[in-house]
Amino acid sequence: MRIPYSWLREVLNAGAVGAPVWDPAPDEVEQTLVRIGHEVEDVSTLGPVDGPLTVGRVSAIEELTGFKKPIRACLVDVGAGQDRGIVCGATNFAVGDLVVVALPGTTLPGDFVITARKTYGRSSDGMICSAAELGLGADHSGILVLPPGTAEPGAAAAEVLGLDDVVFDLAITPDRGYCMSVRGVARELACAYDLDFVDPASEAVVKPLPADGEAWPLTVQAETGVRRFALRPVTGIDPAAVSPWWLQRRLLLAGIRATSPAVDATNYVMLELGHPMHAHDRNRITGGFAVRFARPGETVVTLDDSERKLDPADVLIVDDVATTAIGGVMGAASTEVRDDSTDVLLEAAVWDPAAVSRTQRRLHLPSEAARRYERSVDPAISVAALDRCAALLADIAGGTISPTLTDWRGDPPVGTSADDWSGAPIAIPADLPDRVAGVGYPPGTTARRLAQIGATVAESGDVLTVTPPSWRPDLVQPADLVEEVLRLEGLEVVPSVLPQAPAGRGLTAVQKRRRAIGKALAQSGFVEILPTPFLPAGVFDLWGLPADDPRRSTTRVLNPLDADRPELATTLLPGLLEALSRNVSRGLVNAALYAIAQVVQPTEHTRGIALIPVDRRPTDAEIATVDASLPRQPQHVAAVLAGLREPRGPWGPGRAVDAADALDAVRTIARASGIDVTLQAAQQLPWHPGRCAAVLVGQTVVGHAGQLHPAVIERSGLPKGTCALELDLDALPITSTLPAPRVSPFPAVFQDVSLVVAAHVPAQAVADAVRVGAGELLEDLQLFDVFTGPQIGEGRKSLTFALRFRAPDRTLTEDDASAARDAAVRRAAEAVGAELRT
């Protein structure tokens, strides 16, 4: 929110009757705004401009030809008795227009020195300036044309333009929508400086206009969230009229380009009072107005000439034949005010903040109106804003203000006074701010400060009953009122007492395990990322998960960062696969990513609960209720792999990722966790049914790993052969003690054994049988070859294991090792029907 300091001074000094003029230094105002809780992003001083900057009138224009862009040779009367010849590349001005001329010797912002020079074959004795070159705004598409009558040629332009001003740029938080206006920020400063504040929206400033009958037919569909909708016509305006410079200047400094009196007036009132408005061309409206939800497949062409596809949740203003506006976001081209418009219908409505926020985010259509509506707009001043705008427009462009007024205030209708729109009363002990802050404020401070912000305060003993004003929907509980008192009194006076930090106890076993897993995966070539905690829309349908899959049971956030992603993730894989796809699309085709994060799994007790008071410690029952209402949030580890696992180079073509790499990553995680896992063939989407393994600890499945299903890979746009794994770390046992390894001083005996089994027999089952049969002498077992072919018969495979035998108390002989190997073969034959391959 950009606000000129001169505008703030004007509003604040309106109440300074008989008091000194309020005019502190801009730096002091900046510090005051920060002190009362506002973020000041920038304080910019206009200019500086030094030298002969003057107002000129264009006397003649000659279009030069033979150049790649439009070039004009102009004669400009600068009041010096003769015209100055100036070459200019802009085309948005005509003979007779008033312009700002920087004569030779002028220094513009950025230390840009103007000199007389020859260019395009002509002598240019100065420069005609744009608003951007003068530091008044960012628009450099054309030169600055002043409205007729602003000044005479030769007048000092710095004084006419008000280049001695300062602009404050504030970052307004979502709960303080009332500060998206001069009215709101001026009230804040009046509170901080204890000034008498005259509300620019009050009847003392905005004289009420007649309201004799309905201005326009209007119907409002139920449940659209509209709180108020007011309409007033202004007819017979001059389409050739131009907004005066004082108004254009304030719009420019606020970052809004002036266009026409009707649009400029609505924008000005929005900046002044914080109430967005819209002007419709009355002659282009067919029939009455209706507010309704969009229909499936409906589209609208907005003021930026873009066709927008609407959603049934979008709220529209329509007439009998077309859409006239997307409620609270942007008007439609069908009733746009144009160069020939003479009759306008002014609209001031109050929309549902959440609906406006969803619509503008989904359509990627931010606007100044939407920024205010999504933060809430004062419904009590809709008619005042309408009357202010109508009077301003009639003053600028002539015309007649209709005495009729449409003022829809809900069903049943809310009253017309400001009190009817106020919030619910809040009871608060008068000394509650003192107790919360630990500061003894003077008696009456709470009542005084709350009255300053516009609340109605009724005292009854030591208890205050506070009715928040209509522009403060954020005040709903005593804690909100306490915050107002504390920030206006100054947060710097609240004592800062640091608690005694307890002695450190080191990392917990869970933290140590997490670090060990992350380190092990990183050393294996994986890169850690932070996946989004929200699920992409339709991802489980993309995977083809059945309707009863537990991963579909999600927790929905009421006000998500992205309207298309309201559900919290029950699995880490969607976020990882999105990151993989993004990396691949940017050329990183060989990727190994992992994440360790919490997922959110609702239980049958997960639900919303009532707010717990913050002025006391929660009871044990309240804490138990909160704990029971929370979803499970176990910590998972997941990884995805794509492309080449071993890079290509002079040593060879490299090796593509396969399911074995995902299984090896599972073993890496298990070793880092100090546990043993078992891999067992399984079917679990989104994995390939023939290349997926369930990961078991004992008899408990703690995750899955393998290659993704080809259909999922294709639908997701992932590289062919992409592999993934995901484990529930909370389901893994914590190893509290790490056993010291026994190191035998005796040599090992190595033998290999090849076993032939049916093709469907898992290699893990064969390995388990061999390990049991070999007994305690078997120190290690590794599968290093799998062979299929006609030599061993159709439907069969040969598994070759490397066996390492060692005894703790003696040197083994080959006969000892052979006996243990033969026992292992017999056990494998009994368990899985294995035959020794000879």
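Domain bounds, as used here, come from an automatic or database domain assignment. The C-alpha centres of domain 2 and domain 6 lie 93 Å apart. To display them, select 53-164 for domain 2 and 749-836 for domain 6. The chain also holds domain 1 (2-46 + 167-193), domain 3 (218-408), domain 4 (426-491) and domain 5 (509-599 + 634-728).

Two remarks apply to every stop. This is a predicted model, in which local features need pLDDT of at least 70 and side-chain atom pairs count only at pLDDT 80 or more, whereas totals for chains, interfaces and linings use all residues. Residues are numbered from 1 along each chain as its sequence is written, and side-chain values use heavy atoms, with hydrogens and water left out.

**First stop: Tyr5**

Select Tyr5, which is placed in helix 1 (residues 5-12); helices are DSSP runs of H or I with at least four residues, strands are runs of E with at least two, and both are numbered from the N terminus. Is Tyr5 buried or exposed? Tyr5 is buried, with a relative accessible area of 2%; buried means under 20% relative accessible area, exposed over 50%, and partly exposed in between (1.4 Å probe, protein chains only).

**Second stop: the cysteines**

How many disulfides does a search of the whole structure find? The search finds zero, a disulfide being a pair of cysteine sulfur atoms within 2.5 Å. Select Cys88 and Cys74: Cys88 is in no disulfide, and its nearest cysteine sulfur, that of Cys74, is 5.6 Å away. Cys88 counts as buried, at 7% relative accessibility. Cys129 is buried as well, with a relative accessible area of 0%. The closest cysteine sulfur to that of Cys129 is in Cys88, 9.4 Å away, which is too far for a bond.

Finally, select helix 17 (659-673) and helix 19 (763-774), which each give two or more residues to the lining of the largest pocket.
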